[in-house]
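Here is a short report on one protein chain. Keep the sequence and the 3D view open while you read.

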Amino acid sequence: GYTFDPHALLSEPLMANLCTSGNEGPRNAPVWFLWADEAIWVWGSKNGSSVSRRKADPRVAVEI
């Protein structure tokens, strides 16, 4: 049978969807990511809205 390997999928050049929460409700944004050290690393501008929402509420969801 087929064995799913999450490391193989996460190593592909794919985009992710980052879902954050704020006063206006949930927000979803496409982001580039890097899978390294058993973690998903997401780029963002320190003045960006996703970063501001994560500072206010660090709970996020990531969809690949």
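Glu 38 sits in the loop between β2 and β3. Strands here are DSSP runs of type E with at least two residues, helices are H or I runs of at least four, and both are numbered from the N terminus. This is a predicted model, in which local features need pLDDT of at least 70 and side-chain atom pairs count only at pLDDT 80 or more, while totals for chains, interfaces and linings use all residues. Residues are numbered from 1 along each chain as its sequence is written, and side-chain values use heavy atoms, with hydrogens and water left out.

**The loop and its hairpin**

Asp 37 is found in the loop between β2 and β3 too. The two strands form a hairpin with two residues between them. Strand β2 covers residues 25–36 and strand β3 residues 39–42; they run antiparallel and are joined by four bridges. Pairing requires at least two DSSP bridges between two strands. Ala 36 stands opposite Ala 39 in β3.

Phi of Asp 37 is positive, about 55°, although the residue is not a glycine. Glu 38 is also not a glycine, and its phi is positive, near 60°.

The table lists relative accessible areas. Buried means under 20%, exposed over 50%, and partly exposed in between (1.4 Å probe, protein chains only).

| Residue | Relative accessible area | Class |
|---|---|---|
| His 7 | 35% | partly exposed |
| Asp 37 | 72% | exposed |
| Glu 38 | 61% | exposed |

His 7 lies in helix α1, residues 6–10. What does His 7 touch, not counting residues up to four places away in sequence? Trp 35 and Glu 38. Contact means heavy atoms within 4.5 Å. His 7 and Glu 38 are 31 residues apart along the chain, and their C-alpha atoms are separated by 8.7 Å.

**The whole chain**

The chain has two helices and four strands. From the N terminus on, the order is α-β-β-β-α-β. The radius of gyration is 13 Å, well over the 11 Å that the globule rule gives for 64 residues, so the chain is more spread out than a compact globule. That radius is taken over C-alpha atoms, and the rule is 2.2 Å times the number of residues to the power 0.38. The C-alpha atoms fill a box of roughly 45 × 20 × 15 Å along the principal axes. Buried residues make up 20% of the 64 residues. Among contacts with a separation of 6 or more, 47% come from residues 24 or more positions apart.
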